[in-house]
Amino acid sequence: MTKRIEDEIQSTNFRSEFHKASLNIIFTSYWISNQNTEIFKKYQLTPQQYNVLRILRGRHPEPCTLLSIRDRMIDRMSDVSRIVERLRLAGLVDRSSCEEDRRAVDVTITQKGLDLLTIMMQEETTMDAVMKNITVEEARTLNDILDKMRD
């Protein structure tokens, strides 16, 4: 039986279908995040730290500035400096002064960070399992609708 948003939040009072859809998106976003947070905890990471590591892996071996990392993050309100510093203390990234702009900071992923992401790839099936009840075509349609919504 499909759990409807009305059952999840125990309310049927919506101003409109658009209001209901907005609440459903927000609720589902938190639900997915909570599912994945359990996986990240096993590796002593937050979702934001995982996001930064994936961004840096995509740029590897080139460095990425803090501003560039923030612009690519899913949660752009995150304190990138603090996240990077925690990753640096864990040995997962390196920080250095940017050669082109002394005010900027370059960040690169370390081998330890790359190795951790490789190990975490085993979890991708579990992360993707939150979508197990929809088809590939439904996922494609959902992506199109969400992209259209942000236009």
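**View 1. Strand 1 and strand 3 pair in the antiparallel sense over two bridges.** Strand 3 covers residues 105–109. Helices (H or I, at least four residues) and strands (E, at least two) are DSSP runs, numbered from the N terminus. Two strands pair if DSSP finds at least two bridges between them. C64 has V107 of strand 3 as its bridge partner. This is a predicted model: local features need pLDDT of at least 70, side-chain atom pairs count only at pLDDT 80 or more, and totals for chains, interfaces and linings use all residues. Residues are numbered from 1 along each chain as its sequence is written, and side-chain values use heavy atoms, with hydrogens and water left out.

**View 2. Three strands make an open sheet in the order 1-3-2, with antiparallel pairing.** Strand 1 (64–65) and strand 2 (93–97) stand at the edges. Each has a single partner strand, so one side of each is left without a neighbour in the sheet. Five bridges link strand 2 and strand 3 in the antiparallel sense. R95 stands opposite V107 in strand 3.

How many of the five residues of strand 3 are buried? Four are, and strand 3 is mostly covered. Buried means under 20% relative accessible area, exposed means over 50%, and partly exposed lies in between (1.4 Å probe, protein chains only). Helix 3 lies across strand 1, strand 2 and strand 3. Helix 3 runs at about 90° to strand 3. Such axes are lines fitted to C-alpha atoms, for helices over the stretch in contact, and angles run from 0 to 180 degrees between N-to-C directions.

**View 3. V84 sits in helix 5 (residues 80–89).** Is V84 buried or exposed? V84 counts as buried because its relative accessibility is 0%. Leaving out residues up to four places away in sequence, V84 touches V52, L66, I69, V93, R95 and V107. Contact means heavy atoms within 4.5 Å. D106 is 22 residues from V84 in sequence. In space, V84 and D106 are 10 Å apart, C-alpha to C-alpha.

**View 4. T110 is found in the loop between strand 3 and helix 6.** T110 is buried because its relative accessible area is 13%. Which residues does T110 touch, not counting residues up to four places away in sequence? They are G91, L92, V93 and D94. T110 and R88 are 22 residues apart along the chain. Their C-alpha atoms are separated by 9.1 Å.

**View 5. A cis peptide bond joins H60 and P61.** Omega is about 10° at this bond. P61 belongs to the loop between helix 3 and strand 1.

**View 6. Q10 and Q44 are glutamines in loops.** Q10 has a positive phi of about 55°, although it is not a glycine. The loop of Q10 runs between helix 1 and helix 2. Q10 counts as exposed because its relative accessibility is 72%. Q44 also has a positive phi of about 55° and is not a glycine. The loop of Q44 runs between helix 2 and helix 3. Q44 is exposed, with a relative accessible area of 68%.

**View 7. The largest pocket holds about 2,500 Å³ of space.** Its lining has 49 residues, and the closest to the centre are I25, T28, S29, I32 and M131. Helix 1 (5–9), helix 2 (17–42), helix 3 (47–59), helix 7 (124–128) and helix 8 (136–150) are the elements that give two or more residues to this lining. Helix 2 gives the most, with 15 residues. On a 1 Å grid over the protein atoms alone, a pocket is an open set of points with protein on both sides within 12 Å along at least five of seven lines; a cavity is a set of points where a 1.4 Å probe fits but cannot get out; lining residues have an atom within 4 Å of a point. Grid points are joined across faces, edges and corners, and a volume is the space filled by probe spheres set on the points.

The pocket lining divides into 23 nonpolar, 12 polar and 14 charged residues. Ala, Val, Leu, Ile, Met, Phe, Trp, Tyr, Cys and Pro count as nonpolar, Asp, Glu, Lys and Arg as charged, and the others, Gly among them, as polar.

**View 8. One cavity of 30 Å³ or more turns up in a search of the whole structure.** The largest cavity has about 30 Å³ of space. Y50, R54, R57, L117, M120, M121 and E124 line the largest cavity. Helix 3 and helix 6 (111–120) each supply at least two of the lining residues. Which helix gives the most to this lining? Helix 3 does, with three residues. By class, the cavity lining has four nonpolar, no polar and three charged residues.
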